Amino acid sequence: MPTPQPPFHAYLRTLLLCLLVGGALQAAGVPLGWMIGALLASAWLAARRAAAVPRVARPGGLVVLGLGLGQTFTAPVLGAVAGAFPAILAGGLVSILAGVAVAPIYRRIARSDARTAFFAAIPGGIMTMAVLAGRAGASVPAVTLAQSLRMGLVVLLYPPLVALAAGGAADAAFTAVLPPIVPGGLGLLLAGGAAVALVGERVGIANAAMLAPCLLAMALSAGGVLPSAVPRWMVDAAQVAMGMSLGERFGREGLGGGPRRQALASIASAGALVLLLVVSGLGLGWLTGLPLIAVVLGLAPGGMPEMAVTAKALDLAVPLVLGFHLVRTVLCNLIVTPLWLLVKVVLMDKNSR
């Protein structure tokens, strides 16, 4: 039996409350106020089973965000990111191994099996880790709960803390000079972004709604033929759409109704992971000479869209941060399952002694 659609007034109520709270936080100077406000408002409604977010909100916001991020990859910036690739690759590996390191914290508190703890602790994104967990036989609801709570925690904590540490400084090597906003060119860019997102979805590209438009804008920007810049108000609207969609996950249906000990384990392991990756990011930034705060944000255990838009809102080496998260996403798809098989062998050997 198909799930009944919420009435129109439920969608309108959710949108208005998200805009009200997001606008208030933005006006108060809270970094990423639109997204954080929309997340809090939508989560509050979701906890009362009253949130209604259109299915097109997140993919539509991701298309705009992908174009807005991709436009920052001018030819000089692309060269700077390529030069930082060894550090970006190292950051991706460190992030995954840090997740493995904190998995025992989750397992002990949640009293879960090692398989579920492994996939719940690695910062690979909500959908990616849920799919990988399902293939490995782990508890998908528990993994979804852990990934969602960690994502919400990171989105709430990182923007204000990073803003305080960054002090508004931008790195010239990763800063792009954008073309003016041209209405006709912007229309073509949006249409092209939507088209490549649909194609990417059909061919099975992970996170195609953001990645395909981002690659399109990167190619146009690097080639010097970007028809228009993406205006700031569109990126703000994308923040609201993403915050609404993320907050909606905090309803019991979206999180699979996980018990309290799973939520506590998720928060505790997320806190440990954040501390470990902040220290790792500072160390990696110091060793490589890359901007420290951007590297910390690049290693942040949040999702690629959320952390990239944080970098954009704070003007912190957006292409570098996006590069870290993109490489980590690819690595998660490639090595997390083989890594679990290795960990399983080690655990079996340990238990046999």
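Ala10, Thr14, Cys18 and Gly22 are the buried residues of helix α1; buried means under 20% relative accessible area, exposed over 50%, partly exposed in between (1.4 Å probe, protein chains only). The model is predicted: local features need pLDDT of at least 70, side-chain atom pairs count only at pLDDT 80 or more, and totals for chains, interfaces and linings use all residues. Residues are numbered from 1 along each chain as its sequence is written, and side-chain values use heavy atoms, without hydrogens and water.

**Helix α1**
- Seen down the axis of α1, the buried residues fall within an arc of 80 degrees, so they line one face of the helix. The arc is that of the directions from the helix axis to the C-beta atoms.
- Phe8, His9, Leu20 and Ala27 are exposed on the other side of α1.
- The cover over the buried residues of α1 includes α2 (33–47) and α11 (232–248).
- Helix α1 has 20 residues (8–27) and should span 28 Å at 1.5 Å a residue; the end C-alpha atoms are 28 Å apart, which agrees. The expected span is 1.5 Å times one less than the number of residues.

**Aromatic pairs**
- The whole structure holds 3 aromatic pairs. Rings of Phe, Tyr and Trp (its six-membered ring) pair if their centres lie within 6.5 Å; planes under 30 degrees apart count as stacked, over 60 as edge-to-face and the rest as tilted.
- The ring centres of Phe118 and Trp340 are 5.3 Å apart and the planes stand at 45 degrees, so this pair is tilted.
- This pair links distant parts of the chain: Phe118 lies in helix α6 (residues 114–121) and Trp340 in helix α16 (residues 318–351), 222 residues apart.
- Phe118 counts as buried at 2% relative accessibility. Trp340 counts as buried at 4%.
- Ring pairs join Phe118, Phe119 and Trp340 into a cluster.

**Whole chain**
- The protein chain has 16 helices and 0 strands. These are DSSP runs, numbered from the N terminus: helices (H or I, at least four residues) and strands (E, at least two).
- The radius of gyration is 20 Å, close to the 20 Å that the globule rule gives for 353 residues, so the chain is as compact as a globular protein of that length. The radius is taken over C-alpha atoms; the rule is 2.2 Å times the number of residues to the power 0.38.
- Buried residues make up 50% of the 353 residues.
- Of the contacts with a separation of 6 or more, 77% are between residues 24 or more positions apart. Contact means heavy atoms within 4.5 Å.
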